[in-house]
Amino acid sequence: QVQLIESGGGLVQAGGSLRLSCAASGLNTDDMGWFRQAPGKEREFVSTISWRGGIYYAESVKGRFTISRDNSKNTVYLQMNSLKLEDTAVYYCATNYRRIPPVENDVNYWGKGTLVLVSS
């Protein structure tokens with residue numbers, strides 16, 4: 001059974017940083033990534049990283065967010081710097097998808113999400 005457990009969300013002031021983690025079990029050698037869903041909006045792609053380290057970012061986070069993974073721990077990270085109010089969202093870990101970048105209905109496994117709240 002595949003499980004994705006996110007951690008690291010919280011409250012941060014605009015301009016600050018947070019680091020999200022997602023530990024996966026039951027699956028490896030697969031692409032892993034992050035989506036987010038802001039209040040009243042659809043879930044959107046943020047970033048993805050392949051088993052071998054190929055990386056893709058949404059334009060809205062390029063230059064501010066960095067995705068990485070530790071294959072020995074089956075864990076993917078999202079370092080978020082220079083956070084903006086519009087980054088406020090529930091961030092979801094995702095894995096097992098075909099398209100790059102993935103779209104929501106292409107993802108087979110989701111974490112439960114972790115809330116990132118950016119204040120002014």
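Helices (H or I, at least four residues) and strands (E, at least two) are DSSP runs, numbered from the N terminus. I worked on a predicted model, in which local features need pLDDT of at least 70, side-chain atom pairs count only at pLDDT 80 or more, and totals for chains, interfaces and linings use all residues. Residues are numbered from 1 along each chain as its sequence is written, and side-chain values use heavy atoms, with hydrogens and water left out.

**Entry 1: Thr66**

I looked up Thr66 and found it in strand E7. Thr66 counts as partly exposed because its relative accessibility is 42%; buried means under 20% relative accessible area, exposed over 50%, and partly exposed in between (1.4 Å probe, protein chains only). For contacts I took heavy atoms within 4.5 Å. Setting aside neighbours within four places in sequence, Thr66 is in contact with Tyr57, Tyr77, Leu78 and Gln79. Thr66 and Gly54 are 12 residues apart along the chain, and their C-alpha atoms are separated by 12 Å.

Thr75 is in strand E8, residues 75-80. Is Thr75 buried or exposed? Thr75 is buried, since its relative accessible area is 9%. A polar atom of the Thr75 side chain lies 2.9 Å from the backbone oxygen of Lys73. I applied the polar contact rule here: a pair of N or O atoms within 3.5 Å, where within protein one must be able to donate a hydrogen and the other to accept it, and residues adjacent in sequence count only if both atoms are side-chain atoms. Not counting residues up to four places away in sequence, Thr75 touches Ser21, Cys22, Ala23, Ser68, Arg69 and Asp70.

Asn74 is in the loop between E7 and E8. Asn74 has a positive phi of about 50° although it is not a glycine, and it is buried, with a relative accessible area of 17%.

I then turned to Cys22, in strand E3 (residues 18-25). Cys22 is buried, with a relative accessible area of 0%. Residues up to four places away in sequence aside, Cys22 touches Leu4, Ile5, Glu6, Met32, Trp34, Asn74, Thr75, Val76 and Cys93.

A nonpolar core is a set of buried Ala, Val, Leu, Ile, Met, Phe, Trp, Tyr and Cys residues joined through side-chain atoms within 4.5 Å. Which residues touch the most other members of the largest nonpolar core? They are Trp34, Phe65, Val76, Leu78, Met80 and Tyr91, of 30 residues in that core. Two or more core residues come from each of E3, strand E4 (32-37), strand E5 (44-49), strand E7 (65-70), E8, strand E9 (89-95) and strand E11 (114-119).

**Entry 2: Backbone exceptions**

Most residues other than glycine have a negative phi, and most peptide bonds are trans. Ser82, in the loop between E8 and E9, has a positive phi near 50°. Ser82 is partly exposed, with a relative accessible area of 40%. A cis peptide bond, with omega about -5°, joins Ile100 and Pro101. I placed Pro101 in the loop between E9 and strand E10 (109-110).

**Entry 3: Cavity lining**

I also recorded the lining of the largest cavity, which divides into 3 nonpolar, 3 polar and 2 charged residues. Ala, Val, Leu, Ile, Met, Phe, Trp, Tyr, Cys and Pro count as nonpolar, Asp, Glu, Lys and Arg as charged, and the others, Gly among them, as polar. A cavity is a set of points on a 1 Å grid over the protein atoms alone where a 1.4 Å probe fits but cannot get out, and lining residues have an atom within 4 Å of a point. Asn74 and Arg69 are among the lining residues.

Note on methods:
On a 1 Å grid over the protein atoms alone, a cavity is a set of points where a 1.4 Å probe fits but cannot get out, and a pocket is an open set with protein on both sides within 12 Å along at least five of seven lines; lining residues have an atom within 4 Å of a point.
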